[in-house]
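Here are a few exercises to work through with the model open. Try each one before reading its solution.

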Amino acid sequence: MGTSQSLKLKTTPNWASAKRAMTTIVQHRNEVNQQHVNNLLRNEARAIIHDSNSSYGSSGGRVTKNFIKFISTVRNNGLAAYVEQENPDLELGDLSVKDLLVLIKRHVSNPDSNSDHSTLDDIAARTAFEKLVGTIFTDVETTGDIENILLNATDEQLEGWMIEFQVEYIMELNGILFETQIFSKGVDPDQIATQIRGFIRVKINETCLDQLHNVNLFSPEGEHYLESLTHQIMEIWAQE
């Protein structure tokens, strides 16, 4: 769970409550429930909003917006045109599935060649997107399979991808914040991740699935919604 970098928690009441909530999860790691996870997310959101100068959420918004733009480009112009646009020296027919997925991940998560996107938020968003790509295209055998998935994805599938990204993005945040603390308790962070991922997914579904149903992700409104989605999630959790 999480990236290899850690983030020092500030000594404020909200951060202290977030740490206690994670300690409770570690102590009850074989019987974690939704209440345990909700308590963690509530205190974590309050700490991020009120006690941190972090821009957490911005990178996730950028990545999801870029992903939807990429899907729109493929639907309007085809995958071959997209590849040529990104690298005029390449042709789709010359790329393996692995090469194409590398190109997609690089373009979506780091489209600005003048920025290395190396902040903790950037790393969390990039890792979450890599996991999402692995999930979406897990069974593909050809580049044509990739194009067909993008062309034929339903609104419900697109919504599911946006939810899954948020789950992994917030899981990465938890890894950044609490990995050292979990290790200090003699527990494998991956064990904790396995325990809480499903509960975080339930919480995110409760928070934003209805609104996802009612917004056109390919519209300017949808673009704005995706850019601010993580911030909206945190605001709602912080007020609970």
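**Exercise 1.** Find which helices the buried residues of α5 pack against.

Start with the buried set, where buried means under 20% relative accessible area with a 1.4 Å probe, protein chains only: in α5 these are V97, L100, L101, L103, I104, V108 and S109. Next, look for contacts, meaning heavy atoms within 4.5 Å. Helices here are DSSP runs (H or I, at least four residues), numbered from the N terminus.

Some ground rules: this is a predicted model, so local features need pLDDT of at least 70 and side-chain atom pairs 80 or more, while totals for chains, interfaces and linings use all residues. Residues are numbered from 1 along each chain as its sequence is written, and side-chain values use heavy atoms, without hydrogens and water.

**Exercise 2.** Check the span of helix α5 (residues 97-109).

Take 1.5 Å times one less than the number of residues. For 13 residues that should give 18 Å, and the end C-alpha atoms are 18 Å apart, so the two agree.

**Exercise 3.** Classify the ring pairs that F67 makes with F70 and with W161.

Rings of Phe, Tyr and Trp (its six-membered ring) pair if their centres lie within 6.5 Å; planes under 30 degrees apart are stacked, over 60 edge-to-face, the rest tilted. That rule gives five aromatic pairs. F67 and F70 are stacked, at 6.3 Å and 20°. F67 and W161, at 6.1 Å and 35°, are therefore tilted. This second pair joins helix α3 to helix α8 (residues 155-184), 94 residues apart in the chain.

Notes
Helix = DSSP H or I, 4+ residues; strand = E, 2+ residues; numbered from the N terminus. Buried < 20%, exposed > 50% of the residue type's maximum accessible area, 1.4 Å probe, protein only.
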